[in-house]
Amino acid sequence: NLDPTSLAQFEAVAPPEEIATAPILSYRTEAYGGPVDSLVVLSFGNRIAPDGTVHVSTDGGATWQPTIAVDDDVHQVLAHPTDPAIVVAAASVGLCRSTDGGATWRASTDGMHASYARAVVFVGDDVLVSVSDGPFTTRGALYRAPVAGGPGAKAVKVAGGLPDWLDGNVDTGCLAANAKQVALADDSGNVWASPADHDEWT
């Protein structure tokens, strides 16, 4: 089982000098103490470590403090590409946002048909998040929500060429974006892509 108080249990994902300067290293993990694939390092020195929840270290990894309950089943965490205080997570309780580097979080399902979020990605001033009703679902959907969140900031179901329902989940690692394009794949292997600045999925 993962001991979140020990940095020694993490396998290095980059040389120390690269970690020190990297604003983002994203990870995926199996929940409840499963194998850790990588480690998120925020550019101001805080580190977020996974075991189905989110742990934050403010002392270089010597100690770790949980910030989201393990039963909330975090699937993916991303730090913002330019603002290290902003972090988002896809979890079974919805889209989770932090504005203090992962120290505290608020979860939202406003505008979503269900709460089970599997993947999340930053696209400009928004995030895209995949949502379904559980790990064995036959239908899922993609939602767009403002990065900032807050009152009235509901998620909106993405259309623009996507079917009403995607086949199963869009899993962690199956939703990706860069400055020009967004792409996703569902459980049946169907792949769609869209320009990053507007929804035109093909």
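Strands are DSSP runs of type E of at least two residues, numbered from the N terminus. In this predicted model, Ser194 lies in strand 17. Ser194 counts as buried because its relative accessibility is 2%, and buried means under 20%. Leaving aside neighbours within four places in sequence, the contacts of Ser194 are with Lys180, Gln181, Val182, Asp199, Glu200 and Trp201.

Five bridges join strand 16 (residues 181-185) to strand 17 in the antiparallel sense. Within strand 17, Ala193 is the bridge partner of Ala183.

The nonpolar residues of the model were also examined. The largest nonpolar core contains 18 residues, and Val120 and Val127 have the most contacts inside it. Two or more residues of this core come from each of strand 7 (87-91), strand 10 (116-123), strand 11 (126-132) and strand 12 (139-146). A second, separate core consists of 15 residues, including Val121, Val123, Leu142 and Leu184.

When residues up to four places away in sequence are not counted, Val127 touches Val88, Leu95, Val120, Val121, Phe122, Tyr143, Arg144, Ala145 and Val147. Among these contacts of Val127 is Val120, the other residue named for having the most contacts inside the largest core.

Note on methods:
Residues numbered from 1 in each chain as written. Predicted model: local features only at pLDDT ≥ 70, side-chain atom pairs only at ≥ 80, totals over all residues. Heavy atoms only, no water. Core = buried A, V, L, I, M, F, W, Y, C linked by side-chain atoms within 4.5 Å. Buried < 20%, exposed > 50% of the residue type's maximum accessible area, 1.4 Å probe, protein only. Helix = DSSP H or I, 4+ residues; strand = E, 2+ residues; numbered from the N terminus. Contact = heavy atoms within 4.5 Å. Pairing = 2+ DSSP bridges.
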